[in-house]
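Trainee: I am new to this structure and would like to go through the terms one at a time. Please set each value against its definition.

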Amino acid sequence: MSELTRTADVVLVGAGIMSATLAALLKKLEPDWSITVIERLDAVGAESSSPWNNAGTGHAGLCEMNYTPAGPGGTIDVTKAVLINEQFQVTRQFWAYAVENGMLTDVRGVLNPVPHVSFVHGADRVDYLRRRHDALAGNPLFSGSELIDDPDEFARRLPFMAAKRDFSEPVALNWAPDGTDVDFGALSRQLIGYCVRNGTTALFGHEVRDLRRQPEGSWILTVGNRRSGQKYTLKARFVFVGAGGDALLLLQKSGIKEIRGFAGFPIGGRFLRSDNPALTTAHRAKVYGVPSPGAPPLGALHLDLRFVYGKPWLMFGPYPGWSPKFLKQGHFSDLARSLRRDNLLSLLGVGVTELTLLNYLIGQLRLSAPDRIGVLREFAPSATDSDWELTLAGQRVQVIRRDKHKGGVVEFNTTLVGAADGSIAGLLGGSPGASTAVPIMFEVLQSCFGHRYQSWLPALKEMVPSLGTNLSEEPALYDEVRSWTTKVLQLDSP
Ligand SMILES: Cc1cc2nc3c(=O)[nH]c(=O)nc-3n(C[C@H](O)[C@H](O)[C@H](O)COP(=O)(O)OP(=O)(O)OC[C@H]3O[C@@H](n4cnc5c(N)ncnc54)[C@H](O)[C@@H]3O)c2cc1C
């Protein structure tokens, strides 16, 4: 075993969509900085960012009903849906800039226009969906959406879901034509490819095992080559822990005080998938149902048209699963290794207060293969089991944060945790996830490079012309941005 020492201005741990986005941004902003990406697997975007490990929804709040809860007196709270859409507009603009600047070379391999649809049945839910539609109708970001409650129109738009359906019960759809299907694995590969072509070092099959802060503020990382067993150290001025589910463990190893009290709870997922051409031509949308009681946000079932390596698929799920691993290709000891004196109370607190979530998960784990097809038939009554196979998706590690009153609370958002001096930051949690990689990485730039951020602003505004504004309140700017991104990202031609 030999000890080498290398140095870099910036080290990014993990080659998923988060590191890929940050690497691409930094490469544009500071082309002379030395950047090293370290990935334990042999490929870019092979964990949660792989198209088979997530649902590929470009989350924009268009169809996810958990973002629009019903409030008192028949009101609908649309705050979260608007926020998610605003974030996705930032993402879209950066992607369009990336296409125009040669960072994304095959946009169709990454992004496809697929309508986002909310689906409900039963009179109460139809009423909810109508109120949701009305509450969002005045916002330019949602203005193209249609409410459909006519069975014939339902059958015209969604033939697979209409076949053998009993329309005696009221049904409704909220149809948003601006939706997208995204291959976040292909996106990560293209962004990292651009960085490597421009001088970034990417090490595959290499794992960061430890991180130590130096007295002058830089970091020494211990890196192991998983094939040769060779170990070496790497010195960096800034470290981004883009290690997905493993971020909690690595931030704990770094010893920064900001990570104290955080714990993680892994929730896996499984999807049914089919490549039967008769089905993929009869279902041309991503259709989200109402989340079950107790289900985590984004636990709502959905039947999606997906494009993976250019081929159309239908995917249905997710059916939650459970494993103590923090990554799909992680270790069974991950959860146990994350337990610390400072987070045990947070985890126990959640065990006591989140009984509905636990009951929901246990119920889901008990589902048999016929049960799963039964659930699919609530969406597509004509579904036959021989068309579908079960696949294992990625792990989401839900963030558990210390809470004065309850001991701990589960958070379903993505949370940025970093040292106060800005020398290290990492991302916990997985929702809404990859779709918000761009605004989250802008947050990293602002919080970790505060002293440079002002000087970067002109370049950042070139990448995201609406930066600093709410497009909901700027309809003319929104129209301009929408037509630019739609054209460059080829979202006007299916
Ligand atoms: C079932 C499911 C459905 C989802 N659906 C959607 C969706 O529809 N839309 C959406 O926007 N988001 C979705 N998400 C969330 C999205 O997949 C994630 O937020 C996103 O992929 C996370 O990207 P990342 O770069 O942080 O992590 P990852 O893609 O997991 O990348 C982390 C990388 O770090 C590497 N790594 C870990 N530890 C080390 C180490 N010690 N040393 C070196 N490398 C290391 C891993 O091998 C991995 O490649 C979904 C997630 C799941 C699980």
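Trainee: What makes the contact between the side chains of Glu146 and Arg157 a salt bridge?

Mentor: The N to O distance between the two side chains is 2.9 Å. A salt bridge is a side-chain nitrogen of Lys or Arg within 4 Å of a carboxyl oxygen of Asp or Glu, so the pair Glu146 and Arg157, at 2.9 Å, counts as one. The pair links distant parts of the chain, 11 residues apart: Glu146 is in strand β5 (residues 146-148) and Arg157 in helix α4 (residues 151-157). Helices (H or I, at least four residues) and strands (E, at least two) are DSSP runs, numbered from the N terminus.

Before going on, note that this is a predicted model, in which local features need pLDDT of at least 70 and side-chain atom pairs count only at pLDDT 80 or more, while totals for chains, interfaces and linings use all residues. Residues are numbered from 1 along each chain as its sequence is written, and side-chain values use heavy atoms, with hydrogens and water left out.

Trainee: Why is Arg157 called buried, and what is Glu146 called?

Mentor: Buried means under 20% relative accessible area, exposed over 50%, and partly exposed in between (1.4 Å probe, protein chains only). Arg157 has 17%, so Arg157 is buried. Glu146 has 34% and is therefore partly exposed.

Trainee: Which residues are linked with Glu146 in a network of salt bridges, and how many salt bridges does the rule give?

Mentor: The network links Glu146, Glu153, Arg156 and Arg157. The count by this rule comes to 22 salt bridges.

Trainee: What makes Asp304 and Lys286 another such pair?

Mentor: Their side chains meet at 3.2 Å, N to O, in a salt bridge. Asp304 lies in strand β14 (residues 302-308) and Lys286 in strand β13 (residues 286-288), so the pair ties together parts that are 18 residues apart in sequence. Asp304, at 1% relative accessibility, counts as buried, and Lys286 counts as buried at 0%.

Trainee: Where do Asp127 and Arg131 lie?

Mentor: Both are in helix α3 (residues 123-137), 4 residues apart, about one turn of the helix. An α-helix has 3.6 residues a turn, so residues three or four places apart point the same way. The side chains of Asp127 and Arg131 form a salt bridge at 3.2 Å, N to O. Relative accessibility is 37% for Asp127, which counts as partly exposed, and 25% for Arg131, which also counts as partly exposed.

Trainee: How do you know that the span of α1 agrees with its number of residues?

Mentor: The expected span of a helix is 1.5 Å times one less than its number of residues. For the 13 residues of α1 that should be 18 Å, and the end C-alpha atoms are 18 Å apart, so the two agree. The helix is mostly covered, with 12 of its 13 residues buried. Among them are Ile17, Met18 and Lys27.

Trainee: Which residues come nearest the ligand?

Mentor: They are Glu39, Ser49, Thr57, Val208 and Ser435, of the 38 residues around the ligand. A residue is near a molecule or strand if one of its heavy atoms lies within 4 Å of it. Strand β9 gives the most to this shell, with 3 residues.

Trainee: Why is Ser254 called buried?

Mentor: Ser254 has a relative accessible area of 10%, so it is buried. Ser254 is in helix α7 (residues 247-254). A polar atom of the Ser254 side chain lies 2.6 Å from the backbone oxygen of Leu251.

Technical notes:
A polar contact is a pair of N or O atoms within 3.5 Å; within protein, one must be able to donate a hydrogen and the other to accept it, and residues adjacent in sequence count only if both atoms are side-chain atoms.
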